[in-house]
Amino acid sequence: MEHYRIPELVCPAGGLPALKAAVDNGADAVYFGCKNETNARNFAGLNFTRETMSEGIAYAHARGRRALMAINTFPVPGRENDWREAIDSASGLGVDAVLLADIGLLDYAHEHYPELSLHLSVQGSATSHEAINFIHREFGIKRVVLPRVLTLAQVAQIIRNTPVEVEVFGFGSLCVMNEGRCWLSSYATGESPNTAGACSPAKFVKWEKSPGWMSTRLNGILIDRYTDDERAGYPALCKGRFEVNGETYYALEEPVSLNVLEILPDIVKTGVSAIKVEGRQRSPAYVALVTRILRAALDALGRDIAGFRIDPAWRADLARISEGAQITLGAYNRPWR
Amino acid sequence: MREFRFFPLSTFRLPGFVPAVTRRLPQWPPAVALTVALNAMIRLGVLPKENLDPLEGRTFLVEVLDAGSRISFAFRNGAFFPAASGMPDLIFRANLSAFLRLVARRDDPDTLFFNRELFVEGDTELGLVVKNTLDAIEWPKIPEFAAWPIVRCRV
Ligand code: SF4
């Protein structure tokens, strides 16, 4: 029987109950951020204070799981200290690794905390082994989180050519264009993920219900209009329906979610070190369910990869909690290169 | 994580005559019960006070569609009060079963929203604060006496 290393399951936590839900349902590692712009899910009321973070880290460590802190936005010029302080506190709190995207911060962490494990965040947009090996050589990163723009063959090629551990996304909403480097949100609102830590911030979002319809607007711009039986999604500009040459359709990208269950055995065979679940903005119920299903799937793969069968209930549950109308394999199985 | 299991929570819808009946009842008793429960949660430290600052001076409407009941309340000077109906800052609308699945953490608000079972209108950022505040609550800390009014006031 073939045996492969089962990747670490890395799950999101927007708060303490979500962190505990992830740990209790079988996450090997949890990732989280502070209550400020230093992470890419800077939403009102979300994330951790120093106290809740230290409680969360203790909870994970007591159960033999790892705690990862995301400091994955780009410092605002003149306020670099806020980001450096986040790294200082990560080290003080005893996290197992920090997720960074900015080269200046990688340098700071590498120089001041040589013991601290560094992961290159997906926001760092390293998509080739040359880029990854460069960051590894300069800052000693231990792991890279690959952007969701690569095919499975490209992921495998990177793994063959780098000493750095590779983490890929397994489930969640998709940010389709270059992982938050896109400026669509800034175009509409003046704020984007890598500047203010959120795409399409809630203060610019309006849902309007009228008989038979629901419209969503971002800073006044009509993004989409759903009939009563259509599934809804977040109002990111990239996932809107627009009129182009007299036709109204999803001109940039369909509002779909990623779910790799169908190709999980192939992903494991590439030798990835970790599989990540997106969704720090989601509630404990979501985290519990996704974690439980992926844990069961990975455990099944660990027992017998050739005999792996997807439980139909997993598929149905994951489809129900996903954003948008469809679930896809994202770029993993795109025919183009 | 311990879940609340008052009764099995599947998707159901109250019979059509229920709204006709409840609409004739005053909206105050459920609003009183809900605000008493919320204030008890503040006192017990279950609802973290500092997270509630953004709610100051805002009014909310929770409408249970299939029960035909509307609960208006406001947050002023650090406490919840039943509010006279007016223009709320934030409206949550859903059938009873969706609200129950939400409170029991069986479903998350985004899931219900994507599935069009939960409607949110008004100030979206305020909605996010409310959602994230609810998500940050460690339910097992709530003693039964504080939880009961929440369960009972829903219809
Ligand atoms: S608009 Fe779309 S592609 Fe751009 S940051 Fe937002 S989610 Fe990502």
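This is a predicted model: local features need pLDDT of at least 70, side-chain atom pairs count only at pLDDT 80 or more; totals for chains, interfaces and linings use all residues.
Visitor: In what order do the strands of the open five-stranded sheet of chain B stand?
Guide: The pairing in this sheet is mixed. Strand E3 (79–82) and strand E5 (118–122) of chain B are the edge strands, each pairing on one side only. Neighbouring strands are turned by 20° against each other on average, direction ignored. The order in chain B is E3-E2-E1-E4-E5.

Visitor: How many bridges join E1 to E4 in chain B, and do they run parallel or antiparallel?
Guide: Strand E1 covers residues 58–64 of chain B, and strand E4 covers residues 90–94. Across from Arg93(B) in E4(B) stands Glu63(B). The two strands run parallel, and the number of bridges is five.

Visitor: Which strands of chain B does helix H4 touch, and at what angle does the helix run to E4(B)?
Guide: Helix H4 spans residues 96–103 of chain B and packs on the sheet. Its contacts there are E1, E4 and E5 of chain B. Its direction makes an angle with that of E4(B) of about 110°.

Visitor: What angle does helix H6 of chain B make with E4(B)?
Guide: Helix H6 takes residues 124–135 of chain B. The helix lies across E1, E4 and E5 of chain B. Its angle to E4(B) is about 65°.

Visitor: Why is one side of E8 and of E10 in chain A left without a neighbour in the sheet?
Guide: The open sheet has three strands in the order E8-E9-E10 (chain A), with antiparallel pairing. Strand E8 (205–210) and strand E10 (221–227) of chain A stand at the edges, so one side of each lacks a neighbour in the sheet. The reason is that each has a single partner strand.

Visitor: Which residue of E10(A) stands opposite Met214(A)?
Guide: Strand E9 holds residues 213–218 of chain A. E9 and E10(A) pair in the antiparallel sense over six bridges. The residue opposite Met214(A) is Tyr226(A).

Visitor: Which phenylalanines form one aromatic cluster in chain B?
Guide: Over all chains, the search finds nine aromatic pairs. One cluster in chain B has these members: Phe60(B), Phe73(B), Phe75(B) and Phe80(B).

Visitor: How far is Arg225(A) from the ring centre of Trp213(A)?
Guide: A charge counts as over a ring if CZ of Arg is within 6 Å of the ring centre and within 35 degrees of the ring normal. Arg148(A) has its charged end over the ring of Phe169(A), 3.9 Å from the centre. Arg225(A) lies over the face of Trp213(A), and its distance from the ring centre is 5.9 Å.

Visitor: What area is buried between chain B and chain A?
Guide: The contact draws 29 residues from chain B and 35 residues from chain A. Carbon and sulfur atoms give 54% of the buried area. That area is about 2,800 Å².

Visitor: Which residue of chain A forms a salt bridge with Arg116(B)?
Guide: Between chain B and chain A the count is five salt bridges. In the one made by Arg116(B), the closest N and O atoms are 3.7 Å apart. The partner is Asp228(A).

Key:
Residues are numbered from 1 along each chain as its sequence is written. Chains are lettered from A and ligands numbered from 1 in the order in which they are written. Side-chain values use heavy atoms; hydrogens and water are left out. Rings of Phe, Tyr and Trp (its six-membered ring) pair if their centres lie within 6.5 Å; planes under 30 degrees apart count as stacked, over 60 as edge-to-face and the rest as tilted. Two strands pair if DSSP finds at least two bridges between them. Helices (H or I, at least four residues) and strands (E, at least two) are DSSP runs, numbered from the N terminus. Axes are lines fitted to C-alpha atoms, for helices over the stretch in contact, and angles run from 0 to 180 degrees between N-to-C directions. Contact means heavy atoms within 4.5 Å. Buried area is the accessible area (1.4 Å probe) that two parts lose on being put together, summed over both. A salt bridge is a side-chain nitrogen of Lys or Arg within 4 Å of a carboxyl oxygen of Asp or Glu.
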